Every structure is written in C-alpha cells, then in structure tokens.
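My notes follow as numbered points.

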Amino acid sequence: MKLIGKQTWKYEHPIYINSVGTAVGPKEAEGPLGFQFDITHKDLHCGEENWELAERRLMEQSVTSCLEKVNLNYTDIDLFLAGDLLNQNVTSNYVARHTNIPFLCMFGACSTSMETLAVGSALVEAGFAKRIIASTSSHNATAERQFRYPTEYGGQKPNTATFTVTGAGTALVSREEGPVQITSATIGRVNDLGVSNPFDMGSAMAPAAADTIKAHFEDLGTSPSDYDLIVTGDLSGIGSPIVRQLLLEEGYDLETKHNDCGLMIYSKDQQTFAGGSGCACSAVVTYGHIMKQLILGHLKRVLVVATGALLSPTMIQQKESIPTIAHAVVLERSNIEKG
C-alpha cells in the first residue's frame, strides 16, 4: 500500500469484496431499494423485546447473511471490524461477543461503514489478516433515544432533520478474487464550521464531505469524470446541494455524478424529513444496491464517501459545535467480472 499525497491510500495488491450482507427495518424495506436487501423486518422491534436488541439482531443477521453466501463460518474470519452509534459501541461489542472473532471496535459515527472498509482493506493487504468482515448498524429508535429525545415524546422536528436508517451492513474483504475490487481510500480530516443544531446534520457534514472529495481528487489526480457515481453517505436533501456548491467553487462539477444514500433509500412520500442518515445509511445502500450495480456492470467505478457527525449527547447539552468527518473508498468492478 502506498500513501498518495497526504490522505489517500492506494492498495498495491488486489483487494476484493467477496460477499456482502444487509438487514433492514420496515421503512427501508418499503423504500425504492427495499427489494435489494437480504433481510427485511415488518416492525422496528425485529422480533426482539427492545430496540437495542433489535439493532443487535440486525447486525448479527447482516454478518450471517454475508458469510452464508460464500459458505464461510465465524471461524473462517481472522478479524471483525465494526462500530455503531450507541454509547461505547455496545451493538458491535455484543455482536463480537457472539461471533468470538478477534475484534477491533471502531467509531466514525455515520462514516463508520467506509472507515471499517478502508482499514480492513489495509490490514488485509499488509498481511495482518486473510479475511476480515467490516460491519456497522443503526436503528431509528435507539438513535433518537440517545441523541435527541425518546420517540414516544412525539416532539416536532424541523424539515432539516434526517431520519436514522434502521439496518446493518457487512462486507467480507480478502485477497481472494471477488466481484468488486477496493482500489483506494481517502481518510478524512475533522471539520467543524460551528454548526451546533443536531437537527441539521446535512449542513454540518457537507464541508467534511467536500474536504475529503477534494483531497481524493488532488491526491490521485482524478476528477468527477473518472467515476460513474460519487455517492455521499447521509447528507440528504439539505447537505447534498451544499457539497456540490462547495466543490464547484473548487473547480469540481459533481452535478451529473453525485447522489446521496440518504436520498436513495427513501421515497419522497415516506415522511423522512430531509432524508436518511445513520451508520446503516451508507452501509445498506452501498452493500445492498451499489454492489449489485457494479456486479451487473451498470457501474464500473464508484467513489463512496461516508459522512459522520462526531457529536455526543453531553457535548450537545453543553452547546458545543459538531465536529464532522468523511471517509472515502473507491469500488471498482473487478477484472474477473469483466471477463
């Protein structure tokens, strides 16, 4: 692996995604991508007694689905990288307890999907693991209870608010030939432009997405025309036009290339305010939809930029502004699929 510029890792050996698994809640299943997810649930409890157990089940199901597709078991995996939104990453920790796979817990808020994928790919290329699984999850009710106020309160929200995706996504990464190759990753820097409103995540995270995308282009000498799709994680309807404008001011026109996972996962009539967010947002759209588009040849090269708001309930109560970050990974249809 080479460091290109200051922020981009270029993998020198072929690193592949061999399999993916997704599990989602009811609103995600009813959305325009619902038929592309592996496991869907009819209610937010997902057959469990409480919401936290429901989120845990979602992650476990995404891991199981991913491994079953390639006839592997937990014992075949060398390393498990995962993170979520709950305090102390409890969803990931308890799932790791269940799998008994050597575990590295990671936190990048909603950027965790690409953070785990980038780091996992680096560890595989360096020879520290032969097979890793990268996973993340979120749940609408658990996130609302922790970061804003319990859903039962029925508090009103502004149109700038996003709707936390209920779901989990997992990817299996190795040097064994697979349908999609991971070719590079750009590690983001923490940005903070002073936004302190937890009901406006799009405005808070857009500068971080723009900063990482710009660094990616500069480090690799690429431009929007080199990608079939540049997809951000969960900027939704508020942050998406902001990131396009910020990059246009830097000389990069994303207008025909850009989409956002938070806009793709729900339809306009689903009453999700500005669109989707949460760790699972970029994870289930990437592993459930974009992977299929790459395998089918409808897409050949995609830049996935997962964005995260690094806030905590305590810091919001103390009127702190919200630091944000974005991590980017390039996914390409592999040569074996082209053949």
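1. Start with a strand pair. Ile133 stands opposite Leu172 in strand S8. The strands behind this are S6 and S8 (residues 167-174), which pair in the antiparallel sense over eight bridges. Two strands pair if DSSP finds at least two bridges between them. Helices (H or I, at least four residues) and strands (E, at least two) are DSSP runs, numbered from the N terminus.

2. A word on the source. This is a predicted model, where local features need pLDDT of at least 70, side-chain atom pairs count only at pLDDT 80 or more, and totals for chains, interfaces and linings use all residues. Residues are numbered from 1 along each chain as its sequence is written, and side-chain values use heavy atoms, with hydrogens and water left out.

3. Strand S4 (residues 79-83) pairs with S6 in the parallel sense over five bridges. Leu81 stands opposite Ala134 in S6.

4. Is S6 buried or exposed? Eight of the eight residues of S6 (residues 131-138) are buried, so the strand is largely enclosed by the rest of the structure. Buried means under 20% relative accessible area, exposed over 50%, and partly exposed in between (1.4 Å probe, protein chains only). Arg131, Ile133, Ser135 and Ser137 point one way, while Ile132, Ala134, Thr136 and Ser138 point the other way.

5. Now the cysteines. How many disulfides does a search of the whole structure find? The search finds zero; a disulfide is a pair of cysteine sulfur atoms within 2.5 Å. For Cys66, the nearest cysteine sulfur is that of Cys279, 18 Å away. Cys66 is buried, at a relative accessible area of 0%.

6. Cys279 is also buried, at 0% relative accessibility. Its sulfur is 4.9 Å from the closest cysteine sulfur, in Cys110, which is too far for a bond.

7. Cys110 lies in the loop between strand S5 (103-105) and helix H4 (112-125). At 10% relative accessibility, Cys110 counts as buried. Leaving out residues up to four places away in sequence, Cys110 touches Leu85, Asp234, Gly278, Cys279, Ser282, Ala306, Thr307 and Gly308. Contact means heavy atoms within 4.5 Å.

8. Last, helix H2 (residues 51-68). Its 18 residues reach 25 Å from first C-alpha to last, close to the 26 Å expected at 1.5 Å a residue. That expected span is 1.5 Å times one less than the number of residues. The buried residues of H2 include Trp51, Leu58, Met59 and Cys66. At the start of H2, a side-chain oxygen of Asn50 reaches to within 3.2 Å of the backbone nitrogen of Glu52.

Definitions and conventions: Polar contact = N/O pair within 3.5 Å; in protein donor to acceptor, adjacent residues only side chain to side chain.
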